[in-house]
Amino acid sequence: MRTKTIGTTLPVLELTLDPGERIIAEPDRLSWMAGDISLNTTTATGGASGLFGALGRALGGGGLFMTEFSAGRSPAMVAFAAKIPGEIRQVPVESGQPLYVHRSGFLCGTEGLGVGIGFQQSLGAGLFGGNGFVLQKIEGQGTAWIELGGEVAVYDLEPGQSMLVHPGHVGLFADGVGFEIEMMRGIRNIMFGGDGLFLARLTGPGTVWLQSMTLPNLAHALTPYLPVNSR
């Protein structure tokens, strides 16, 4: 398998599969493809052994269905474009060492990976548009490509070292990093609809990837420029 990232602000991941190679992604992630490639859309992949596994994946920000892209007798190319400005990161996934990714962060991965829900908590409509805070869990053995919004800051936390992060900026962190949600009192902001601000405490050891752009902040910035329905 050969990989290439095209562009910077809105990157595209291009994968060239050799005969017999296969990757998985959600159906709506496909941008374009070429060559001898076949598609198989099913609930029984991405670590889901049945309907309940697929439902767990959907609760984690993914979909009920996943598509397998397989190269036939000759090499084939498939490409996935980022949905928002940012980066596409390639990360290895080791058996027994899952990764935790922001909602809808999983772009695609090699066969043998499982995608499910890793964490879910309701934090109020003001913070995440009523959807609460969700993390995807990626496990198995293989390679995953993760979409992160805006610029990416990487921190290697030592054992016991912690940092407080707005939950929307949590892009990706490795297994072994402690994660818990805390409320910071004394912060008044109409965006969050209360007297406190929810923050995520990340505690080492392990690596964390933080993203500078969040979808709620992007939506909030665009709201004044959207047409108002007067009906």
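Biologist: How many aromatic pairs does the rule count?
Modeller: This is a predicted model, where local features need pLDDT of at least 70 and side-chain atom pairs count only at pLDDT 80 or more, while totals for chains, interfaces and linings use all residues. Residues are numbered from 1 along each chain as its sequence is written, and side-chain values use heavy atoms, with hydrogens and water left out. Rings of Phe, Tyr and Trp (its six-membered ring) pair if their centres lie within 6.5 Å; planes under 30 degrees apart are stacked, over 60 edge-to-face, and the rest tilted. By this rule the count is three.

Biologist: What is the angle between the planes of Phe 69 and Phe 80?
Modeller: Their ring centres lie 5.6 Å apart. The pair counts as edge-to-face, with the planes at 85°.

Biologist: Are Phe 69 and Phe 80 buried or exposed?
Modeller: Buried means under 20% relative accessible area, exposed over 50%, and partly exposed in between (1.4 Å probe, protein chains only). By that cut-off, both Phe 69 and Phe 80 are buried.

Biologist: Which residues form one aromatic cluster?
Modeller: Start with Phe 173 and Phe 179: they are stacked, 5.4 Å centre to centre, with 10° between the planes. Phe 173 counts as buried because its relative accessibility is 3%. The cluster consists of Tyr 100, Phe 173 and Phe 179.

Biologist: Why is strand E8 largely enclosed by the rest of the structure?
Modeller: Strands (E, at least two residues) and helices (H or I, at least four) are DSSP runs, numbered from the N terminus. Strand E8 covers residues 106–110. It is largely enclosed because the number of its five residues that are buried is five.

Biologist: Which residue of E8 is the bridge partner of Ile 23?
Modeller: Two strands pair if DSSP finds at least two bridges between them. Strand E3 (residues 22–25) runs antiparallel to E8, joined by two bridges. In E8, the partner of Ile 23 is Thr 110.

Biologist: Which residue in E11 stands opposite Phe 106?
Modeller: Strand E11 (residues 142–149) is antiparallel to E8, and three bridges join them. Opposite Phe 106 stands Ile 146.

Biologist: How far is the backbone nitrogen of Gly 105 from a polar atom of the side chain of Gln 136?
Modeller: Gln 136 sits in strand E10 (residues 133–140). Its relative accessible area is 0%, so Gln 136 is buried. The distance from the Gly 105 nitrogen to that side-chain atom is 3.4 Å.

Biologist: What share of the 231 residues counts as buried?
Modeller: The protein chain has three helices and 17 strands. Of its 231 residues, the buried share is 43%.

Terms used. Polar contact = N/O pair within 3.5 Å; in protein donor to acceptor, adjacent residues only side chain to side chain.
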